[in-house]
Amino acid sequence: MMKSWQILLALTSAMPLVAAADPMATMDRHGSRVSVEPYAPNIVRVTIALDQDDAAGAPGLGVTAKADAAGWRHTTDATGDVFASSAMTLTVAAQPWPKAPTQMQRYFAPSLPPVAVTIRTADGREVAMNGWEMAPHDVAGEHTFRAGATFAADEDEHFYGLGQNQEGILDLKGRTIDCRHWYDAPAGEQVCVPYLVSSKRYAILWDNPSALTVSPGLHGKTHFQSEVGERVSFFVVVADKADDLYAGYARLTGRTPLPPKAAFGLIQSKARYESQQELTGIADGYRSRNYPIDMMVLDWFYWTRMGQIDIDRTYFPDPKAMNDRLHAQGMESIISVWPRFEKESRYFNYLANKGWLLKDKDGKPVDGLAVRSDRAGALIDSTNPDARAWFWRTISDNILSQGFDYLWLDETEPDLVPDGYFYSIGSGDRYHNLFPLLHTQGVADGAARDRPDRRNLILARAAYTGAQANGALFWSSDVESTWEALRRQVPTGLNMTASGIANWSSDTGGWQWPNGPKAAHAPLVDPAGATAMGAGYPDYPELFVRWFQYNAFTPTLRIHGQRPATAIWEYGKAAEPILADWLRLRYALIPYIYPLARQTYDSGAPYMRALWMDFANDPATATIGDEYMFGPAFLVAPVTEQGATSRRVYLPAGTDWYDWWTNARHAGGTWIDAAAPIAHMPLFVRAGSIVPLGRQVPSTATRQLLEEVRVFPGRDGTATLYDDDGRTQAYKKATGGVTLKWDERSRKLTADGKLPTGQALAPLIRVIGG
């Protein structure tokens, strides 16, 4: 069987891989080959293998950058080979000639020639890899290795990222993370994005798509081990501040495109709308009640069979007219498309004959899941570029031609677990985590070719290195509809965005059928009139209100779930006005949120941010996972306890903070008991912030003028106002917007250009406490 590097090189003509660049140097450490390959002054790749070709092979899929050794120099001295740039010095330690092993070492000494790599930053921080491993084992009939490496970790170091892990803890230190896509993970779906970020302002991007375990800071070391591989390959990014770590990730794996503006309004979904009449009725309900909304979603089983890639005209008799109606109401649409094909569907035999389905060891398509009786169908092999192109072409012809605007690519883990089976690229074990990157890439490539002037949007529930560059919006999958699930969402999302995946959220109210434990306290929201759940869950409207408040301050706001009703008026008469107020607040903040997404495109930095990102000098923020920054202004403290009307909130040091609801000013570096009546989630604004608020609009398709620009004094501050057409790719050629500046001494707010709305600034200014 071909080695992994041979497979990758063979596919360069068909897949968007970066050609293998010559490493700056490859060194021999008594049989261990070590390649050093700079990508920027603060980014370097290290590859270690026994075989020269493996050590010199190209990075894996997901890395799109080209090596760049500009500004680097290589010298050799008694310590070893030294590579230096303005940002770091990397030393591959010289190794003494190996001595004959002692009697004890004959049993316990590793067989690999040792390699030690040390990186020192300009300000003296250190990243040290002090061991590597390759343990032989057989996987899917292939003689291969478990490949790993060990890095030193400081006692006061903290770790974040590694994708989506729903165990409910922000700091990964001292834990072992199973970094693999796993829909059935007990706490909620796992997603692997192998970017580990340290509080010491470095990050490691692990370059291997097989299942991975990582133990950050456990027993004073960080250990990576991939299930399949013939080499160790990783990138190290160093930086002075957190945002530069994400600029490095974007440089290596691609920018996060600016989504269509409609993505930041309300996305209304349900599992599922059973007819065209039901879907349009919900859209009409929002408009008749004067509630803003931007997107309607058509979820699964609108088709006649799984894999038929059609629309059942019995229940959706005229989907084109349905979409025309939504468009006339200022809405857009998303439709779910699955990668599965039942044997009875019209395309199964065609795809099987082409070899475009996941196969077993005998070359036969894998049909269904052995572990679940409720699944059927074979998985399209999206590692095959021809299969990807066919999939886009077919859904474009059969589905998008009916006026749907965007695609929801469900089951991107994929749900049909590939372990023990085979893709065209190689075994499912070797490429366990790769599917979501290539599956979304096929749609992104097709959309770029066939709809070049229109922004792409893909809903996806799994990611991998570089998947953000495909224009996907990610969410936490089919989580439970319980208070515990809500609590887990907050640190889950913060580690996902800490992995370089900025556009993440969760299903408001949870996806699973509402069925929680008995409420510990009297519900704060009267369930009278609610149709979203059964009578046995009287606190569910309260849960939904708290979840909606939280998601109003995440990158996207989507209502979804497997329940009888999901629209905001279907949680009872008491919940509806609260939800309506929060929905209007979300729309008022579009002039604040949309520029944040534009800045992520420019910088790579997420805008839903754990506190450690912005307050690195405050050690109390290192492990706080139940509050976060939403952009530079808002500190968000979700309420995740049933019956709670207050919660403890930490206000980071180095600034004062304003209560959004009362304008009361608090000193930083303190814990407070924040009021949280059911209509309010604790929100605080950092002193020096400038928050633009827009007028109410029915959707982002309507031009939104500014209602006011609030200034929260206490220090100098800046903010960006940015707007565009919301749909086309013109933003890529536009500047980043107009900068507002607050001068604390003169107490004046100025703009360096004309406001995007054309309004005069002065009449809009409202200085809090002024």
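**Briefing: a cavity, a helix and a disulfide**

The second largest cavity has a volume of about 150 Å³. The model in which it lies is predicted, and the structure holds eleven cavities of 30 Å³ or more.

**The second largest cavity**

- Helix α13 (residues 590-603) contributes the most to the lining of this cavity, with four residues.
- The lining residues include Ile590, Pro591, Tyr594 and Pro595, and also Lys261, Gln704, Asp723 and Thr757.
- By class, eight of the lining residues are nonpolar, two are polar and two are charged.

**Helix α11**

- At 1.5 Å a residue, the twelve residues of helix α11 (residues 540-551) should span 16 Å, and the end C-alpha atoms are 16 Å apart, which agrees.
- Helix α11 is mostly covered, as twelve of its twelve residues are buried.
- Among the buried residues of α11 are Tyr540, Phe544, Arg546, Trp547 and Asn551.
- These buried residues pack against α10 (483-497), β25 (504-505), β26 (557-559), α12 (575-588), β27 (608-610) and β28 (628-630).

**The disulfide**

- The structure holds one disulfide, which joins Cys179 to Cys192 with an S to S distance of 2.1 Å.
- The pair links distant parts of the chain, 13 residues apart: Cys179 lies in strand β11 (residues 177-179), and Cys192 lies in the loop between β11 and β12 (195-198).
- The link of Cys179 and Cys192 is right-handed, with 95° about the S-S bond.
- Both Cys179 and Cys192 are buried.

How values were computed: Residues numbered from 1 in each chain as written. Predicted model: local features only at pLDDT ≥ 70, side-chain atom pairs only at ≥ 80, totals over all residues. Heavy atoms only, no water. Helix = DSSP H or I, 4+ residues; strand = E, 2+ residues; numbered from the N terminus. Expected span 1.5 Å × (residues − 1). Buried < 20%, exposed > 50% of the residue type's maximum accessible area, 1.4 Å probe, protein only. Contact = heavy atoms within 4.5 Å. Disulfide = S-S within 2.5 Å. 1 Å grid on protein atoms, 1.4 Å probe; cavity = no way out; pocket = protein on both sides within 12 Å on 5 of 7 lines; lining within 4 Å. Points joined across faces, edges and corners; volume = space filled by probe spheres on them. Nonpolar A, V, L, I, M, F, W, Y, C, P; charged D, E, K, R; others polar.
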